[in-house]
Amino acid sequence: MIKIDVLQLERQELDIAGTESVTFLEMEDTELMQLKDNVSYQLHVSLVNSGVLVAGSVKTAIHCVCGRCVKEFTQTVENSSICRYYEDVTAPELDITEDIREEMLISIPINYLCSENCKGLCPQCGIDLNKKKCKCHEEKTGSDVWTALDDLKL
Ligand SMILES: [Zn+2]
Ligand SMILES: [Zn+2]
């Protein structure tokens, strides 16, 4: 649970940092993605007019499989642009757990790539094109490329 002590906030701005276990995100692991790390957050909380302003970042690490070359890797996912405003807060305590969860979830990608430039696997022979070149790839991009395109249209 991530809560803000509003009474304390009336005296001074707050910096809140902490971690939540991965179960916090309520996400099911899949074959393509497993949550590995705790979710950590760093928030600066201040009173603006009669509302509460929360700004900061939240991050975690996911273990995933590249959508192109099926390499497994771990990626840090961070949302450092959290900015939420709660109007007219009257309760002594403000629970922002759900909102921080949401801020984390929207930052987790749907497709995972080990790198933007990943060449992936050859669709014909299955070789990892990041490591090796194969003959079928050369043929496709060689002088016969137009013939290959014509074949596709048929
Ligand atoms: Zn890859
Ligand atoms: Zn190939």
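**Exercise 1. Which residue in S4 does Leu14 stand opposite?**

Solution. 
Step 1. Start with the ground rules. This is a predicted model, where local features need pLDDT of at least 70, side-chain atom pairs count only at pLDDT 80 or more, and totals for chains, interfaces and linings use all residues. Residues are numbered from 1 along each chain as its sequence is written, while chains are lettered from A and ligands numbered from 1 in the order in which they are written.

Step 2. Helices (H or I, at least four residues) and strands (E, at least two) are DSSP runs, numbered from the N terminus. Two strands pair if DSSP finds at least two bridges between them.

Step 3. Find the strands. S2 covers residues 14-20, and S4 covers residues 39-48. Seven bridges join S2 to S4, and the two run antiparallel.

Step 4. Read off the partner. Leu14 stands opposite Val45 in S4.

**Exercise 2. List the helices and strands of the protein chain, and give their order.**

Solution. 
Step 1. Count the elements. The protein chain has four helices and seven strands.

Step 2. Walk along the sequence. The pattern reads β-α-β-β-β-β-β-β-α-α-α.

Step 3. Look at the contacts. Two residues are in contact if their C-beta atoms, placed from the backbone, lie within 7 Å. Take the contacts between residues at least 6 apart in sequence: 59% of them join residues at least 24 apart.

**Exercise 3. Trace the strand pairings of S5.**

Solution. 
Step 1. Locate S5. This strand spans residues 51-65.

Step 2. Pair S5 with S3. Three bridges join S5 to S3 (residues 33-35), and the strands run antiparallel. Met33 stands opposite Cys64 in S5.

Step 3. Pair S5 with S4. Nine bridges join these antiparallel strands. Gln42 has Ser57 in S5 as its bridge partner.

Step 4. Pair S5 with S6 (residues 72-86). Here 13 bridges join two antiparallel strands. Ile62 has Gln75 in S6 as its bridge partner.

**Exercise 4. Compare the turns of the two hairpins.**

Solution. 
Step 1. Take the hairpin of S4 and S5. Two residues lie between the strands. Asn49 sits in this loop, and its phi is near 55°, a positive value in a residue other than glycine.

Step 2. Take the hairpin of S5 and S6. Six residues lie between these strands. Val70 is in the loop, with a positive phi near 60°.

Step 3. Most residues other than glycine have a negative phi.

Step 4. Check exposure. A residue is buried if 20 or more other C-beta atoms lie within 10 Å of its own, exposed if 12 or fewer, and partly exposed in between, with C-beta atoms placed from the backbone. Asn49 counts as exposed because it has 9 C-beta neighbours inside 10 Å. Val70 has 13 other C-beta atoms within 10 Å, so it is partly exposed.

**Exercise 5. Find what is buried, and where.**

Solution. 
Step 1. Start with the whole chain. Buried residues make up 13% of its 154 residues.

Step 2. Of its seven residues, the number buried is zero, so S2 lies largely in the open.

Step 3. Recall helix geometry. An α-helix has 3.6 residues a turn, so residues three or four places apart point the same way.
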